[in-house]
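Hi,

Here is the structure I promised to pass on.

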Amino acid sequence: MSVKVFISYARVDQQLHEQLRKHLSPLERLEKITIWHDQEILPSEDWQNQINTHLNEADLILLLVSANFIASNYCWNQEVQKALQRHKAGTAKIIPIILKPTDWHQTPLGEIQALPKNGTPITEWNSIDAAFEDVARGIRKVVDVLLGNLEINSWPRAPLTTVEEVIPLALSSPNVLSTISSQIKRFPTEQFSRNKRLMSGGTIALVIVLLSSVVWFFYGQGLMTNRKGQKPTSTETVIGNARQGHRIGLITEHPIPTEGVRADDIIQGPDGNLWFVEDNVAKIGRMTLRGQVTEFSLTPRSNPSVIVSGSDGNLWVLENGTSKIARVTPQGQVTEFPAPPESNLVGLTSGKDGNLWFTEFQTNKIGRMNTSGKITGEFSLPTSDHGAISGVAWITQGPDGNLWFDEQRSNRVGRMTLDGRYVTECPYIKQPVLNTNNNHNLVAGPDGNVWFTDFWHNTIGSITPKNCHITEYVIPTPNTIPVGITVGPDKNIWFTECILNSKNVCEKSNIGRVNLQGQGTITEYPVLRQNSVPVLSGITSGPDGNVWFSEDSGNQIGNITTGL
């Protein structure tokens with residue numbers, strides 16, 4: 001199965017469009033993509049209907065941006081607006097490709113990662129071919145991720161052949177019995193014959209009856225649904241709301257090979273896999289969507305704590321123990337670069353300018369590093385009350401094009417422009433908890449706000465960038481510490497949380513969701529396991545439509561279905 005690609009461009013940019021097609025020809029030869037553009041319209045065909053049809057069917061939409069493109073009423077008012085709608089709905093991906101210099105950053109396209117690298121217009125490169133090669137590599141990475149999605153979403157890729165293959169799907173289906181029946185009817189006779197397991201109609205009926213009995217037994221025991229108000233106790237999955245047909249809240253956990261690992265931060269990598277840091281063993285882990293893990297070693301006692309995906313297609317890791325920032329290729333090759341001495345690195349993010357931005361807790365600065373590993377700037381922050389350091393920690397690229405960071409000592413959130421010249425500090429979120437750090441993990445929300453976890457106040461919050469207006473959402477379970485936060489594939493806010501007992505020890509762990517379509521309603525999904533309590537940490541959106549999370553204790557990586 002190939003990715004359907006739609007190219008939108010202004011006619012005056014026809015020559016650059018043709019050059020792009022040539023550089024994408026290897027992907028076409030490999031049958032990874034199928035490209036459509038308006039030159040494919042035949043005489044006598046309704047051109048507008050053809051464009052709308054292929055735009056609605058596309059998996060990937062390439063927007064060839066120039067002043068001519070933005071000035072074109074049809075390109076901008078029809079094709080771009082439709083593409084943005086599908087991008088926001090999660091039904092297609094957009095890649096702006098910057099052909100010529102123009103002030104595109106101020107348009108809605110400015111919120112989307114563009115190509116070539118750093119958004120440098122193709123016509124300003126020393127070599128046009130090098131620019132298009134960079135674009136083609138970026139498109140290939142997105143295509144590979146989409147192909148992973150298409151394989152998953154087109155399940156089953158082949159007819160199921162054994163009862164063992166039917167059961168996992170059946171247990172996750174809203175209508176268990178109909179799923180079992182329909183899938184068993186799909187068993188291909190020739191495959192059963194080849195395995196000497198030719199089944200007669202009577203045998204199939206018997207299997208249906210037996211499986212039905214098993215399913216109803218589990219229903220009666222309350223293990224598959226919350227029939228008696230008791231939560232599921234399986235160490236592998238939690239059905240959550242799946243019974244109501246939403247398929248939200250089904251949790252699966254995958255073991256990490258190295259024993260005793262504290263998995264901290266986790267992200268979706270440029271290769272479509274999940275990447276995570278193993279803090280206490282100085283390793284980086286890569287997990288496929290099937291749960292297969294490969295581990296890569298870093299410098300001993302480097303204590304990796306944060307991992308991000310860089311604009312260069314590599315992973316970047318903050319090493320708190322060695323004051324270094326490491327670049328890790330998707331193949332696992334590691335290169336380490338020193339950070340400023342005595343900086344006490346805490347946060348790391350990839351900026352829209354293509355640079356890496358990091359926080360220096362002890363020196364009260366935010367630093368900038370390019371993808372060659374060179375530090376290109378350090379920017380001091382205003383000090384908080386009585387000249388004490390503000391405790392700058394977590395940092396993220398905001399939806400408004402600026403960097404957003406938290407100040408743990410003063411319990412504030414700040415904003416800095418990408419040139420480092422202007423810093424704005426939003427008012428106190430709440431009265432700081434004395435003699436401790438007031439942690440706020442941050443993420444740019446799909447609603448244009450910055451969302452954060454309020455570590456000691458049992459809330460999830462959002463900040464409106466325009467006026468620093470803060471809205472807080474109380475987590476239903478009291479004594480809860482929210483930790484990691486991300487935007488899910490369903491465009492809602494998802495977070496990890498720990499529920500403390502009277503001794504301030506984590507006794508339960510949940511995955512939480514803030515429903516942005518439901519006035520900020522928070523739903524919590526317990527992560528249950530016999531004889532242990534997994535302490536959850538990082539969380540990220542996966543390419544499979546699920547949300548993935550790491551476990552600081554528990555030696556596992558998990559995922560939870562979002563209903564997609």
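Predicted model: local features only at pLDDT ≥ 70, side-chain atom pairs only at ≥ 80, totals over all residues.

Residues are numbered from 1 along each chain as its sequence is written, and side-chain values use heavy atoms, with hydrogens and water left out.

Let's start with the open sheet. Four strands make it up, in the order β2-β1-β3-β4, and their pairing is parallel. Strands here are DSSP runs of E with at least two residues, helices are runs of H or I with at least four, and both are numbered from the N terminus; two strands pair if DSSP finds at least two bridges between them. At the edges sit β2 (33-36) and β4 (93-98), each pairing on one side only. On average, neighbouring strands of this sheet are turned by 25° against each other, direction ignored. Strands β1 (residues 3-8) and β3 (residues 60-65) run parallel and are joined by four bridges, with I7 standing opposite L62 in β3.

Two helices lie across this sheet. Helix α1 (residues 14-23) lies across β1, β2, β3 and β4 and runs at about 140° to β3. Helix α5 (residues 73-89) lies across β1, β3 and β4, at about 135° to β4. For the angles, axes are lines fitted to C-alpha atoms (for helices over the stretch in contact), and the values run from 0 to 180 degrees between N-to-C directions. Contact means heavy atoms within 4.5 Å.

Now the packing. A nonpolar core is a set of buried Ala, Val, Leu, Ile, Met, Phe, Trp, Tyr and Cys residues joined through side-chain atoms within 4.5 Å. Buried means under 20% relative accessible area, exposed over 50%, and partly exposed in between (1.4 Å probe, protein chains only). The largest core has 26 residues, and L20, L24, L60, L62, I97 and I139 touch the most other members. β1, α1, β2, β3, β4 and α6 each supply at least two residues of this core, and the largest share, eight residues, comes from α6. Not counting residues up to four places away in sequence, I139 touches L20, L24, L27, L60, L62, I95, I97 and L115. There is also a second, separate core of 22 residues, with I51, I61, V65 and A83 among them.

V142 sits in helix α6 (residues 128-153) and counts as partly exposed because its relative accessible area is 25%. Leaving aside neighbours within four places in sequence, V142 is in contact with L60 and I95. The C-alpha atoms of V142 and P270 are 7.7 Å apart, although 128 residues separate the two along the chain.

Last, the disulfides (pairs of cysteine sulfur atoms within 2.5 Å). The count comes to two. In one, the sulfur atoms of C426 and C468 are 2.0 Å apart; this link is left-handed, with -60° about the S-S bond. C426 lies in the loop between β21 (423-425) and β22 (442-444) and C468 in the loop between β24 (459-464) and β25 (469-474), so the pair ties together parts that are 42 residues apart in sequence. Both C426 and C468 are buried. In the other, C498 and C506 have their sulfur atoms 2.2 Å apart. C498 is buried at 8% relative accessible area, and C506 counts as buried at 17%.

Cheers
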